[in-house]
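Dear colleague,

Please find the sequence and structure below, followed by an account of what was found in them.

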Amino acid sequence: MTTHRNVCTCWPGATVWLTGLPSAGKTTIAYELAGRLRAEGRRVEVLDGDEIRAFLSAGLGFSREDRHANVQRIGLVAEVLARNGILAIVPVIAPYADSREAVRTRHLTSGTSYLEVHVATPVEVCSGRDVKGLYARQAAGEISGLTGVDDPYEAPEAPDLRIEAHRQTVQESAAALQALLVEKELA
């Protein structure tokens with residue numbers, strides 16, 4: 001009698017944080033990448049910023065302090081998932097460099113891999129896409145504090161990867177990110 005074992009290639013957990021302006025393509029790229037990795041048997045969770053805001057960060061506004069608190073909450077969840085062998089893909093604006101750095105430091109302290117990816121789509125392109133109608137609402141004076149328009153966005157100076165999603169397809173963007181994960185031995 002021969003016993004066969006299921007062989008599992010177990011990858012270390014990691015957090016991949018996709019930062020960029022609203023409508024830059026972060027979430028679309030995140031779900032494309034997640035689908036590719038799941039097809040290869042990888043354990044993946046996408047921590048969508050809109051979903052997190054509705055539940056984990058319900059009640060927070062858009063002041064600098066509230067945005068920082070939101071990013072830290074998401075960062076904690078991502079780090080816990082990553083520390084436990086899951087690839088956490090986080091498509092969240094995270095407009096302030098110090099907030100993103102605090103999340104990176106949390107990961108480094110726990111010995112957990114963290115990659116920062118800047119989805120560097122220009123505001124003019126994002127405004128044209130306007131997936132959620134935010135740019136139109138801001139232009140009409142219905143809202144204020146729109147990241148990259150009348151509220152700051154501090155682009156990463158040295159991200160692990162910069163994706164110009166306005167110059168390539170979603171599939172090409174996800175493939176570039178997947179190649180980075182392979183290079184870092186995280187996929």
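Ala14 has Ser113 as its bridge partner in strand S4. The model is a predicted one, in which local features need pLDDT of at least 70 and side-chain atom pairs count only at pLDDT 80 or more, while totals for chains, interfaces and linings use all residues. Residues are numbered from 1 along each chain as its sequence is written, and side-chain values use heavy atoms, with hydrogens and water left out.

Strands (E, at least two residues) and helices (H or I, at least four) are DSSP runs, numbered from the N terminus. Two strands are said to pair if DSSP finds at least two bridges between them. On that basis S1 (residues 14-19) and S4 pair in the parallel sense over six bridges. S4 is also joined to S5 (residues 161-163) by three bridges, again in parallel, and His118 stands opposite Arg162 in S5. S4 itself, residues 113-119, is mostly covered, with six of its seven residues buried (buried means under 20% relative accessible area, exposed over 50%, and partly exposed in between, for a 1.4 Å probe and protein chains only).

The five strands form an open sheet with parallel pairing, in the order S2-S3-S1-S4-S5. S2 (44-46) and S5 stand at the edges with a single partner strand each, so one side of each has no neighbour in the sheet. On average, neighbouring strands are turned by 20 degrees against each other, direction ignored; axes are lines fitted to C-alpha atoms, for helices over the stretch in contact, and angles between N-to-C directions run from 0 to 180 degrees. Helix H3 (residues 64-83) packs on the sheet and touches S1, S2 and S3 (87-91), its direction making about 150 degrees with that of S1. Helix H7 (residues 170-183) also packs on the sheet, touching S1, S3, S4 and S5, at about 175 degrees to the direction of S5. Contact here means heavy atoms within 4.5 Å.

A nonpolar core is a set of buried Ala, Val, Leu, Ile, Met, Phe, Trp, Tyr and Cys residues joined through side-chain atoms within 4.5 Å. The largest has 30 residues, of which Val16, Leu18, Leu87, Ile89, Leu177 and Leu181 touch the most other members. Helix H1 (26-39) is among the elements that give two or more residues to this core, and H1 gives the most, with five. Leaving aside residues up to four places away in sequence, Val16 touches Leu87, Ala88, Ile89, Val90, Leu115, Val117, Leu177 and Leu181. Apart from this core lies another, of twelve residues, including Trp17, Ile52, Val71 and Val103.

With a salt bridge taken as a side-chain nitrogen of Lys or Arg within 4 Å of a carboxyl oxygen of Asp or Glu, the count comes to eleven. Arg64 and Asp98 form one of them, their closest N and O atoms being 3.1 Å apart. This pair links H3 to helix H4 (residues 97-110), across 34 residues of the chain. Arg64 is partly exposed at 36% relative accessible area, as is Asp98 at 42%. Glu116 and Arg100 meet in a further salt bridge (3.0 Å, N to O). Glu116 lies in S4 and Arg100 in H4, so the pair ties together parts 16 residues apart in sequence. Glu116 is buried at 8%, and Arg100 is buried at 3%. Salt bridges that share partners join Arg100, Glu101, Arg104, Glu116 and Asp160 into one network.

Yours sincerely
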